[in-house]
Amino acid sequence: MDEVIQVTQWLSSITPRKKAKLFFFTTHADAPSPMVGSNDVDTHEETQLPLATTVALHNFKNIDEFLKKKVNTFSCYNVIENEITKTDYEYLRFYSACKYLDVVPPFLDLEKISAIQNKFEMTDEERDYRLLLDSADLVLEKVCDSLKPAGVSQMWTALRKDRNLIRGVKTIDIIGFLVDPNPTGIKECLFFFIVRFLQKADKINRVNTNRLERLIAQCDESSSCEEGKTIDFIIDSLRFYPTGLYPFGFCLIMCVIEGRDGAMQEIEKTMEISRHLGMITHTEKNPTKETIELVKKELMKPKYQFYSSFTCWFMSHGDSNSMVLADGETIEREWFLTSFPDISTFQLKPKVFFMVSCRGANKFSLKGDEFEGQSATCDYYDIGSALIRNRMLDITDSVRDISYVQPMMDTLVAYSTILDHLSGRANTHGSIYVDRACVLMSENISRGRSLTEILEHLSQDLHEILQETMDEDRIVYKQACHYDSFFRKTLKLPYTRHPKEDVHSAPQ
C-alpha cells in the first residue's frame, strides 16, 4: 500500500484528543542537549502555532500536517552509528508517545527504534517504552484530564490578563480572547498551548510550576473540575516530583565489602527494595576513587536524561568528614555529595543519597542495670485571609527567575547517624539503618507516602533500638539518623510495585 495512504488512514483512526496529546508529547519542552543536529533556534512556530490555529479554527489540519511531517522524516531517516542526533531523540519520544496512547503506526520501522536504542547503549530493562516518556508531561496530561473545558477557558482568560507576559506574542492573538473549548480535542489543545507557552517564556518547568498553579487557582471549582476532582486536588498533583511511571528512577548501590560484616546482606536488601520500587539498579562492590569517577562519567551519557530520579546508597566505614574505600583510601563525604548532584542528566530531578557509615566514634550511651544484656545486635496555619496577605511582601513575576538553579537543589541526603557518632551494624545482617529503611519503604509502598515521611518514621524506629558495641566494654547505645533536604517538591513512593515482567520494548 502507498505510504501516503497508510499515513492518511493512520491519522483518521486517531481521535482528536489523542492527536492533541500525541502532539504535546512529541513537542517535548526539555529535549536533551547537547546533541548532534540540535541548535538554539526558537521552535516557537513548530510547537505553538499548530496548537493556536487548531484552537482558533477548530480544525486539526496543522497538527495532522505536523504528524505527517514527523512520520515522513522518520521514514527517510538513516540511523548513523555512534552519533546521537536530535532526530534519534525525537524518534524515541514519538514511538513512546504512540505506544502510550495505543496509536503506533503499523508502518513505523521498529528496527530503527532498536538501532537508536543501541546508540544510547540501553540495556534490556531500559528498552521499556515507559522510560522514554517524560514524567512531567504525563503529570500535565493528568491535570488537563481533571479540568473541564470551562476550567481551561478560565485559565486562558486569566493568562490573557497578564499583559506583560503576552505582549507581542502572535500566537496569543491568533487564538483571541474568547475561546470555545467544547469541541472534542480543543480543550486539550488550549491547555497544552498554555503549558508550552509558559515553558518557552521560562515561567514554568518540571519543578517550578507556581505560575501554572496560580492560573488554575483562579478557576471556579463548580464549573471547572471534572467529577470527583477539586482545585486543591489538581494543584496538589503539581506539587510532587513527577516520577509516577515506570521506572521510578535509577538507583546506584556502592558498598565496601572488605572488613564490613553483613555487607552482602546490605547489597541484597537495597537491591530488593529498589527493584520493588520500580528502579533500574546498578551495583558497584568495593568502590575505589577510580570506580566513582567512571560511574560519574557513565551517568553523563544521554540515556540517563530519560530517568526521572536518581538514588544512591553508599555503604562503608567512615569518620566525621570522610568515607573509607575498598583500597583503604578515603574520600571526603562533602566532595562526593556535591559532585553527583551537578551531573546535568539529573538536573531538576530528585536526587536521594543514603550515606551509611560511621561519622565518628561517639555514642549516646545508656547506663543502668535495666539496659544490661539488651542489644539489637545480639497543626496548619491558614495564611489565606486578606488581612494576613496584606502584611506579606508582594513578590511580583519581575523578581522571579527559574533559569538558574543551585546544583544542590532537588537533592536529599539521608545519613545513617549524626555527626561524630557511630553507625551500628549487626554481625550477619549488616547496617541496622539499611535494614530498617528497606523494611519501612517496603511496608509503605502501597500507602502513597512521601520519602520524607518514611525517613521521619525511620528516625523514630531506629532511635528505639538498643545497640551494643562489639568491643570488650559492650556499651549499650542508641543511634540517631537524620537527613538534609534541598527538595522543592514532595517525592512520593509508587503506589504499587512495578512487576518485572511488565515490559514493552521494541524488538531486538
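Helix 4 (61–76), helix 5 (86–101) and helix 7 (129–132) are among the elements that cover the buried residues of helix 6, where covering rests on contact, meaning heavy atoms within 4.5 Å. Those buried residues of helix 6 (residues 110–119) are Lys112, Ile113, Ser114, Ile116, Gln117 and Lys119; buried means under 20% relative accessible area, with a 1.4 Å probe and protein chains only. Helices here are DSSP runs of H or I with at least four residues, and strands are E runs of at least two, numbered from the N terminus.

A word on the model: it is predicted, with local features needing pLDDT of at least 70 and side-chain atom pairs counting only at pLDDT 80 or more, while totals for chains, interfaces and linings use all residues. Residues are numbered from 1 along each chain as its sequence is written, and side-chain values use heavy atoms, leaving out hydrogens and water.

Both ends of helix 6 have something to look at:

| Place | Residue | Value |

Now to the nonpolar core, a set of buried Ala, Val, Leu, Ile, Met, Phe, Trp, Tyr and Cys residues joined through side-chain atoms within 4.5 Å. The largest one has 100 residues, of which Trp10, Phe191, Phe336 and Phe340 touch the most other members. Helix 12 (residues 186–200) gives this core its largest share, ten residues. Leaving aside residues up to four places away in sequence, Trp10 touches Leu22, Leu67, Val71, Phe94, Cys98, Val103, Val104, Pro105, Pro106 and Phe107. A second, separate core of 37 residues includes Val356, Leu412, Val434 and Leu491.

Terms used
Buried means under 20% relative accessible area, exposed over 50%, partly exposed in between (1.4 Å probe, protein chains only).
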